[in-house]
Amino acid sequence: MTQVPAERAAYDPHAVQERWLPVWDRLDLHRAGRRAGAEKKYVLDMFPYPSGDLHMGHAEAYGLADVLARYWMRRGYDVLHPIGWDSFGLPAENAAIKRDQHPAEYTYANIETQADSFRRYAISFDWSRRLHTSDPEYYRWTQWLFLRFRERGLAYRKSSAVNWCPKDQTVLANEQVVQGACERCGTVVTKRELTQWFFKVTEYADRLLDDMEQLRGSWPERVLLMQKNWIGRSQGAHVDFQVGDRTVTVFTTRPDTLYGATFFVVAADAPLALELCAPAQREALEAYRDEVRKLSDIDRQATDREKTGVDLGVTALNPVTGEQIPVYAADYVLADYGTGAIMAVPAHDQRDLDFARAFGLPVRVVVDTGSPDPAETGQATSGDGVLVNSGPYDGLPKAEAIERVVADLEARGGGKGAINYRLRDWLLSRQRFWGAPIPIVHCPSCGEVPVPDDQLPVRLPDLRGAALKPAGTSPLGAAADWAATPCPSCGGDAQRDTDTMDTFVDSSWYFLRYCSPDFEDGPFDSEAVREWMPVAQYVGGVEHAILHLLYSRFFVKVLQDMGMVDFNEPFSALMNQGQVINQGKAMSKSLGNGIDLGKELSSYGVDAVRLTMVFAGPPEDDIDWADVSPSGSVKYLARVARLAEDVGLLSGDARDADVDRVLARTVDEVTRLVEAQRLNVCVARFMELTNALRRAADAPAPATASLRDGVEALAVMLGCFAPYTAEEVWSRLGHDVDAGDSVHDSSWPAVDPALLVEDTVTCVVQVQGKVRARLEVPPGISEDDLRAQALADPGVVAAVSGREVRTVIVRAPKLVNVVPA
RNA sequence: GCCCCCGUAGCCCAAUCUGGCAGUGCGGCGAGCCCCUUAAAAGGGCUGAGUUGUGGGUUCGACUCCCACCGGGGGCACCA
């Protein structure tokens, strides 16, 4: 190996960082619009929440997106890669209470810390478009959008049983309740009857589901699956049953089993249960409802629970059979799904069967599936089959029966085909301070009155410290001076709405604001949005699979209907990066297994940490920090730096076809790998290329021109992953970075297709599937020539050992398989 | 319980889509040799390691396709 003088044997990543960062700041390399006229690409990271400094997770996510953004810049695209902060939210509020501060102090101090870290971490952001959702200039438009949604009937207030987090003292959307617990703090969620604001997401259920077809292939399959499950479309029918003089509609996916409905159940906690109940059963029902109320959602939803319920002492009339069946109230029927009432078909539904067996109710098979009688086995039969005991429908297969029953119901009245969703409307009110106030005034005479657009934003009052303590109602209510306001409509005394919006409202449109962050005539400039949107590549954690991503999709569809955007999906492609974990577990304070990003960066430098993150595995896989070490990356980067130094000192214009070919193959492959987002493999290829170039540089008569091209191309490609080292390499090759010739303003290396063509290929000759010989042959060799050559090969002859050859399979030019008798 | 993904060297991965040579890289430990620098260390280079989770099937040929099982991860789950 070439002798390395001591003064440059040491590669000091920190010196490299300090040298180039100020130069880059001056050159302003990442401003969107810099390549005006070129095709545009919008690369977006899910924006950060400003809690403390950046951590390992940020380093990974933003590092990955940065590779893609820089790659597209090198490919000549005009790239928008913006940054902002999701800066409303609970942690700031809780910190403010603890420290007797205003939430803004904590928030904006952390934003500055994170911004500075991002800069040193060398993320290619366009800093000129920075936004914060807690700025009045931003939340003005969040409020404006709320009012437009309300005008379209998509924001409305209703009283209902809502999820309540006792710790955070606020209501939560369904999406923010995970397995019965608060998504944020893990506290078991309870129910409260409250009047709250909702967005009518359900009106968009079909489009949210159907438009996922466009995303197939460019979004992770599991995210699409999760959204599909969350929306939960069920095809079925509404069927009307008469209970006394009332019509009670049920939703069923199995109208074919109407003849098997032997009882009827309403949700015990629904008002309907009380309304239907016979006076004699009233007391029993009240007692049962008290029991149900005591259960947590988690207990209630346990599927292995005994079925419980109360006979309401009335009957329901089956519209098809004319039969009167008993009506029960039970907690296994959910008040807020379907109509809150069901027809129970114990033979063909496991839950109904469990209930029937607990209460001694009849089980009637109406679809013969070939399985044994559910009444005997306790196993409901839900599969395909032929109808029996079903009057005129006997003998029909299940699918046909469903159609016929629905058609008959529609013809006669008493029911019709229907689609039902699991998705509920988005509860957006929050009883907390640090969010966008809901721009509504409640007037004793005019009712709900929107704040006029020209009075937006409705700014937050100046509350701090103890005044923010959660008290079950919004702290804004305590700011009496703020809440009291003249009614915009009649001028009389009125009160502002004191709730704030869910912070997911803020983040449902921020990607649009980036296109024109200073626009003052609306939330965004439609012209700018047309140029940049939809986002070409979105990068973020899978934890938002059905929160932020569903909400943003909803927003864009509404904006499309408003004529403000001309596309229906905000994010054309989505990458979910994995988590950074340690010793097999998520990092946490209680486990004490946290890794401090700042320490890693000061030990190994930015580039080594970035490279380690990307190289550790496929982007979507978790990285166990115990399995990797940036020290290997430091060594690699040092090797590259040394190589650049050595090659920079060589003179001459000799070329070597082998070096050129290796380079061409690497560039070609890395290009395809980046496009396929297989970034870890790219790094492996860089290492191979580096090794090949090193060997070539150490040869007795180095091919200087080929080597220079190779190292230069390596610098350009590596620059997307390890920007500081690449700039150093670029500079060592003689580029004057200070004068503006930066590797981060260079072009992706071109590939000469002629260099990708192989002179010869290796043909494998197998005998009975075992490799017995290898032949170097021209790629265009004919089957006959190849067969002849293979059969003449001594190794093959030996392996066949005189036996007769039964078949020869030839796949020119790569393979011959000889099969002896 | 239902659905999805994944099991390749000590480790993270590649080759699986489209069946045809099982390979790149990394780290730890140990050993030897070489280079450089030497007071020493550090640094650089070379040299290893495999029944592709198990069993069956399809095929001339299976890490690759199919089936079953085992193991790991994730999602959904009283949604009618």
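A residue is counted as buried when its relative accessible area is under 20%. By this criterion, 54% of the 821 residues in chain A of the predicted model are buried. The secondary structure of chain A consists of 29 helices and 34 strands. Along the principal axes, the C-alpha atoms of chain A fill a box of roughly 105 × 85 × 50 Å. Among contacts in chain A with a separation of 6 or more, 72% are between residues 24 or more positions apart.

The protein surface near RNA strand B was examined next. RNA strand B is surrounded by 48 residues, and the closest are Arg-351, Arg-422, Ala-616, Glu-688 and Asn-817. By residue class, the surface near RNA strand B comprises 18 nonpolar, 12 polar and 18 charged residues. Of the RNA strand B atoms within 4 Å of the protein, 65% are sugar or phosphate atoms, and the rest belong to bases.

Several secondary structure elements each supply at least two residues of the surface near RNA strand B. The helices that do so are H9 (221–231), H23 (630–649) and H25 (679–697). The strands are E11 (246–252), E31 (761–767), E32 (770–777), E33 (805–811) and E34 (815–820). The largest share, six residues, comes from H25.

An N or O atom in the side chain of Ser-234 is 2.4 Å from a phosphate oxygen of RNA strand B. For Arg-639, a side-chain N or O atom is 3.2 Å from a phosphate oxygen of RNA strand B. Asn-680 places a polar side-chain atom 3.2 Å from a sugar or linking oxygen of RNA strand B.

Trp-426 is located in strand E19, which spans residues 426–427. The relative accessible area of Trp-426 is 0%, and the residue is therefore classed as buried. Beyond its neighbours within four places in sequence, Trp-426 contacts the aromatic residues Trp-197, Phe-198, Phe-199, Phe-504, Tyr-551, Phe-554 and Phe-555. Trp-426 also contacts Ala-173, Val-201, Asp-502, Val-505 and Ser-508. With Asp-502, the side chain of Trp-426 forms a side-chain polar contact of 3.1 Å. The C-alpha atom of Trp-426 is 7.3 Å from that of Asn-174, although the two residues are 252 residues apart along the chain.

One joins Leu-456 and Pro-457, with omega of about 0°. Pro-457 is in the loop between strand E22 (447–450) and helix H16 (480–483). The other runs from Met-533 to Pro-534, with omega near -5°. Pro-534 is in the loop between helix H19 (526–532) and strand E26 (537–540).

Positive phi values in residues other than glycine were also examined. Asp-28 is not a glycine, yet has a positive phi of about 50°. The position of Asp-28 is in the loop between helix H2 (13–27) and strand E1 (40–45). Asp-28 has a relative accessible area of 34% and is therefore partly exposed. Asp-100, likewise a residue other than glycine, has a positive phi near 55°. Asp-100 is in the loop between helix H4 (90–99) and helix H5 (103–120). Because its relative accessibility is 53%, Asp-100 is classed as exposed.

The structure contains zero disulfides. Cys-682 is in no disulfide, and the nearest cysteine sulfur, that of Cys-720, is 9.2 Å away. Cys-720 is likewise in no disulfide, and its nearest cysteine sulfur is that of Cys-682. With a relative accessibility of 0%, Cys-682 is counted as buried. Cys-720 is also counted as buried, at 1% relative accessibility.

Note on methods
Residues numbered from 1 in each chain as written. Chains lettered and ligands numbered in written order. Predicted model: local features only at pLDDT ≥ 70, side-chain atom pairs only at ≥ 80, totals over all residues. Heavy atoms only, no water. Helix = DSSP H or I, 4+ residues; strand = E, 2+ residues; numbered from the N terminus. Buried < 20%, exposed > 50% of the residue type's maximum accessible area, 1.4 Å probe, protein only. Contact = heavy atoms within 4.5 Å. Polar contact = N/O pair within 3.5 Å; in protein donor to acceptor, adjacent residues only side chain to side chain. Near = heavy atom within 4 Å. Nonpolar A, V, L, I, M, F, W, Y, C, P; charged D, E, K, R; others polar. Disulfide = S-S within 2.5 Å.
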